Amino acid sequence: SDLLFFNANQRYLEARGQVQSNMKDLKTSDEIIIESNYMSSWMNKGRSLFLGRVKGRVKRKRVYEESFKFKSEKLELNQLESLVKLSKSVELDRNNYHLEAEKAEIFLENFNKKLKYYVLYDDIKLVEKLELRDGTSSTRRAYSEKLEGYMSEAKVVLSGAPRVESGRDRIKGYQITLRENVELVEVDDSQSSFELKRK
């Protein structure tokens with residue numbers, strides 16, 4: 001960083017200007033690489049705060065497990081709980097997903113469990129590049145107020161007035177489940193309009 005302050009007695013660190021940080025999650029050993037304008041860290045509590053043009057990525061310990069990138073204006077890291085909280089103009093990029101929201105939580109310990117790995121809140125936009133069976137590609141867009149991502153099952157669950165747009169298809173429902181690289185959409189209580197193409 002440009003400026004650094006460290007209080008050894010209180011185990012408190014503060015950094016300002018072009019901050020670059022490499023953090024490690026205590027439970028998963030994931031590496032969290034973060035850039036920001038400001039950082040403060042309470043080392044005894046395993047808590048850190050990053051502010052201003054925050055961006056970075058979570059690098060999984062195992063090489064074959066996918067990493068992902070993020071952006072926001074605020075990031076809170078709780079290493080004791082393996083929890084990352086993002087807020088204000090949040091963006092997540094992983095595989096062929098681009099996600100935007102106002103708030104997000106990432107539960108680093110849940111990567112291989114049948115539990116939600118990340119949750120997004122408020123004004124969510126999802127853009128997914130789909131590879132179709134005939135070799136062509138398509139773009140699927142989704143909108144909702146809440147999104148839960150399950151890495152072990154490669155799926156996302158949309159709720160809060162969710163809708164999905166793919167080509168000329170429009171799907172609305174109480175809850176919509178999308179699976180990565182799968183055209184199939186699971187809908188609870190649907191209001192849908194489809195255009196089916198048959199040969």
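In the hairpin of E9 and E10, four residues lie between the strands, and alanine 154 has a positive phi near 50°. Strands here are DSSP runs of E with at least two residues, helices are runs of H or I with at least four, and both are numbered from the N terminus. The model is a predicted one, in which local features need pLDDT of at least 70 and side-chain atom pairs count only at pLDDT 80 or more, while totals for chains, interfaces and linings use all residues. Residues are numbered from 1 along each chain as its sequence is written, and side-chain values use heavy atoms, with hydrogens and water left out.

E9 and strand E10 (residues 155-159) are antiparallel and share five bridges. Two strands count as paired if DSSP finds at least two bridges between them. Tyrosine 150 sits opposite lysine 155 in E10.

Strand E9 has other partners. Strand E8 (residues 118-131) runs antiparallel to strand E9 (residues 137-150), and twelve bridges join them. Tyrosine 118 has glycine 149 in E9 as its bridge partner. These strands also form a hairpin, with five residues between E8 and E9. In its turn, glycine 135 has a positive phi of about 95°. E9 also pairs with strand E11 (residues 163-166), again in the antiparallel sense, over four bridges. There, arginine 141 is bridged to glutamate 165 in E11.

Now follow E10 onward. E10 pairs with E13 over five bridges in the antiparallel sense. Leucine 158 stands opposite isoleucine 176 in E13. Isoleucine 176 also has a bridge partner in E14, valine 187. Strand E13 (residues 175-179) and strand E14 (residues 185-188) are antiparallel, with four bridges. Leucine 178 faces valine 185 of E14. The hairpin of E13 and E14 has five residues between the strands, and asparagine 181 there takes a positive phi near 60°.

The C-alpha trace spans about 70 × 30 × 30 Å along its principal axes. Of the 199 residues, 43% count as buried. Buried means under 20% relative accessible area, exposed means over 50%, and partly exposed lies in between, using a 1.4 Å probe and protein chains only. A contact means heavy atoms within 4.5 Å. Among contacts with a separation of 6 or more, 38% join residues 24 or more positions apart.

Next comes the interior. In soluble globular proteins, nonpolar side chains tend to be buried together. A nonpolar core is a set of buried Ala, Val, Leu, Ile, Met, Phe, Trp, Tyr and Cys residues joined through side-chain atoms within 4.5 Å. The largest such core here has 39 residues, and Phe70 and Tyr118 have the most contacts inside it. Strand E7 (residues 97-107) gives the largest share of this core, five residues. Which residues does phenylalanine 70 touch, leaving aside its neighbours within four places in sequence? They are Ile32, Ile33, Ile34, Val54, Lys55, Gly56, Arg57, Val58, Leu75, Leu86, Glu91 and Leu92.

Turn to a pocket. On a 1 Å grid over the protein atoms alone, a cavity is a set of points where a 1.4 Å probe fits but cannot get out, and a pocket is an open set with protein on both sides within 12 Å along at least five of seven lines; lining residues have an atom within 4 Å of a point. Grid points are joined across faces, edges and corners, and a volume is the space filled by probe spheres set on the points. The second largest pocket has a volume of about 170 Å³. Two or more lining residues come from each of strand E4 (47-59), strand E5 (68-78) and strand E6 (83-94). The lining consists of Trp42, Arg47, Ser48, Leu49, Glu76, Leu77, Asn78, Glu81, Leu83 and Lys85. Four of these are nonpolar, two polar and four charged. In this count Ala, Val, Leu, Ile, Met, Phe, Trp, Tyr, Cys and Pro are nonpolar, Asp, Glu, Lys and Arg are charged, and the others, Gly among them, are polar.

Glutamine 18, in strand E2 (residues 12-24), has a positive phi near 50° although it is not glycine. Glutamine 18 is exposed, at 60% relative accessible area. Alanine 161 lies in the loop between E10 and E11. Its phi is also positive, near 50°. Alanine 161 is exposed, with a relative accessible area of 68%.
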